[in-house]
Amino acid sequence: VVSTQSTGEIIDIDSDGSSGEEDSEFNTFESGSQYHRPSRSNFFSRLKNTIKDDEDTVDKLWVQNIDWMIKENKLNHNTDQYDNKRLILRRGKQFSMKLKLDKEFEPEKHSIVLTFFTGDKPAVSKSTLHTLHKVSQLQTSSWGYVIEKCEKAELTLSIMTAVSAPVGYYKLLIESFCSVENSPGSPNITQISCPEEIFILFNCWSPEDSVYLEDEELRREYVLNDTGLIWVGTHRDNEPIPWNFGQYEVCVLECAVYLLSNANLAVGARSDPVRISRALSALVNSHDDNGILWGRWTETFPPNSTDPTEWVGSVEILRQYLLNEEPVRYGQCWVFSGVLTTLLRCLGIPARSVTNFESGHDIDCSYSIDCHYDHEGKSVDQLDDSIWNFHVWNEAWFKRHDLPPGYDGWQAIDSTPQEASESVMRCGPCPLKAIKEGDVYLPYDTGFLFAEVNGDRIWWKVEKNGEMAVEYIDRRCIGKKISTKAVGSDEREDITHLYKYPEDSKEEQAVVEKVSQFGSRKEWNTKSVTRDVEVEILQETACMGSEIKIPIKIINGSAKFSRTVSLSAHVKCSAYTGRTDSKHPLIKTEATVVELSKEESDTVTISIAPEEYMKKVRAGSIMSMFLQLSVQETKQVYATKESFRIKKGAGVSIVCDKKTVKQYEEFDITCAYTNSTPTKLTRCYFYLEGPGIRRSKKLYCGTVQPNSTIERKLTLSAYRIGKRVMFVKFCNSKISNATDKMTIEVEEADTTEII
């Protein structure tokens, strides 16, 4: 692809001008930790040659030193926060490079040609090899360079990478041409293969890039921000948990390279954020391809593994994955989402984690969720589709050149292994507009995502002989309070309107009718009955160690007739996935009959004493109540499942003895936890992580007695300047999501102080 002239010679030099090996960062991503990076191009051999005498260099132009101007370029490309020592650029934006030559550059006699290439088999036809000649003007659509400054034997070049360039590592070959007297058609050529690689990212600052974001505030939130919040809980009672995305850590970019090299994705296809995001949605889980995380949804976890509720960020997960070259144990939906946000932001794709409360899981392409109960009014859990109390996925921002106009913008992507997409555990990217408009025939996985946010819940009654009939259709229970972190603040932003029209609106009804034409089941026949009895479950805060009360308000809407209502309620512990099987103990069963006069209401309260549930709950437990009502006079049936979190008290805190520190200056932090429950907590520890401060660490604190406080102190120093955040999580088998964070301002250190 690049011809090596018979008159040419090849020298392999370091950026300081001397022959040598590559920087140790390419062999280790962390001091003392061996990591074999994926093999890249061996297309150009490295021949070590020595210039012997002046006669050998008379008619040749040699490059003696290459200065990538890393500090200036990274600052100009908004990549100065990356800890990687190599030059990291955003495509479609020019950068500068200095070349020191062995003699004065004469434009009429000398010329320079740059060749950038990526992948194992670089080729012009695959857009993986680019030969750059000097041009009169740089354009974002193509590679090229201009001479910015020429001072005798030093050239400053301004180089443009194409805005459509594949992302990844690139190597550089420099060819210098020197015309020979009396032989103008046969110049002498030298070739320099530079061992240093540069990395090219997507560029959301460029209007020509597929990931372009117009608003600078959005770019800072969805690309540059290395910390965030992920919402968990129920639609009635939810809270954010802090998450360290940490996309600037060395191991993160290395992991992205490793994953892309293992993806079934051509190097040239890495220019497309659609293909990149779809590949990563498969590689974050380990179901098919030895990806990053094992998923596990159980009550307990094996030794030498990590309970998903213990993670506070993505960095330690990616570090373990690279060190061991095997999937990390374990993750659940918010962990998968946090890791995918990290990888997408690291590569320059705007991304955010999104939580859907009451998230449906359609397994038969009916775009609906089936639930069952028997003739005694008990839930038949083993037959049900699941409705997760919450489910976390991702959104990424880019254009969809593969779809008709109108589908650019936020795209839903899910790396949690749920259902196979084209025989691989992955989901998306899917335009939010396609979900909202019910365009379930568009790629990728639009139908599955539609059912998650807007499917109907179909209640089937199972008779003794096994026969089933549809008793009730709940059209409003799926997809509530779809949430993400607000731009520039820690508030919750409700983005439900991006996924669906308001419930019961004409637009929403038209979309549901449209989608039903593509489902595996066209319609359900329900009994035509009078439905004038309504039910409201009033929100109550369930606090660990105290009596829990669940008020149920029953309203007779009839202005003429009284109603007799039979009610049965079954309360269990459940996982956040909504599953309540034999492994989740039954806590309470209650049945009663309520007599209501016309237009009368009454409230039935389910009371649960501490001794009825304390020994049955663990970290992450949720109380799930199945409620079934039947009206004697009209045969109206109502059924629902509602979930309630058990509050453990926000007793964790992290404080620092300083608000501002110098880079590398030591400071002390104190972690504390107050046990406000009546239960002794054993085998407790604090889990800490902070981007730009230190890698993750566990501080063990043993047993915490009821109504007591325990503290642990730690001395730290920050190596990255700017506003830095430190996260802490208190971990115990009975406690989950007890998190806090602190912020400290890190100023640049005086160079003389470092020395």
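Trainee: Which residues have the most contacts inside the largest nonpolar core?

Mentor: In this predicted model, the largest nonpolar core has 74 residues, and those with the most contacts inside it are Ile-276, Ile-292, Trp-334 and Leu-343. Apart from this core lies another, of 42 residues, among them Ala-542, Ile-554, Val-594 and Ala-639.

Trainee: What does Trp-334 touch, not counting residues up to four places away in sequence?

Mentor: The partners of Trp-334 include Ile-230, Trp-243, Pro-308, Phe-390 and Tyr-576.

Trainee: What makes up the contact of α3 with α5, by class?

Mentor: Nine nonpolar, no polar and two charged residues make up the contact of α3 with α5. Among them are Cys-251, Glu-254 and Tyr-258 of α3, and Leu-318 and Arg-319 of α5.

Trainee: Why are α3 and α6 described as roughly perpendicular?

Mentor: Helix α6 (residues 333-346) packs against α3 at an angle of about 90°, with the axes 10 Å apart. Angles of 65 to 115 degrees count as roughly perpendicular, and the description therefore applies to α3 and α6.

Trainee: Which residues form the contact of α3 with α6?

Mentor: Val-252, Leu-253, Ala-256 and Leu-259 of α3 meet Thr-342, Leu-343 and Cys-346 of α6. By class, six are nonpolar, one is polar and none is charged.

Notes: Residues numbered from 1 in each chain as written. Predicted model: local features only at pLDDT ≥ 70, side-chain atom pairs only at ≥ 80, totals over all residues. Heavy atoms only, no water. Core = buried A, V, L, I, M, F, W, Y, C linked by side-chain atoms within 4.5 Å. Buried < 20%, exposed > 50% of the residue type's maximum accessible area, 1.4 Å probe, protein only. Contact = heavy atoms within 4.5 Å. Helix = DSSP H or I, 4+ residues; strand = E, 2+ residues; numbered from the N terminus. Nonpolar A, V, L, I, M, F, W, Y, C, P; charged D, E, K, R; others polar. Axes fitted to C-alpha atoms, helices over the stretch in contact; angles between N-to-C directions. Parallel < 35°, antiparallel > 145°, perpendicular 65-115°, else oblique.
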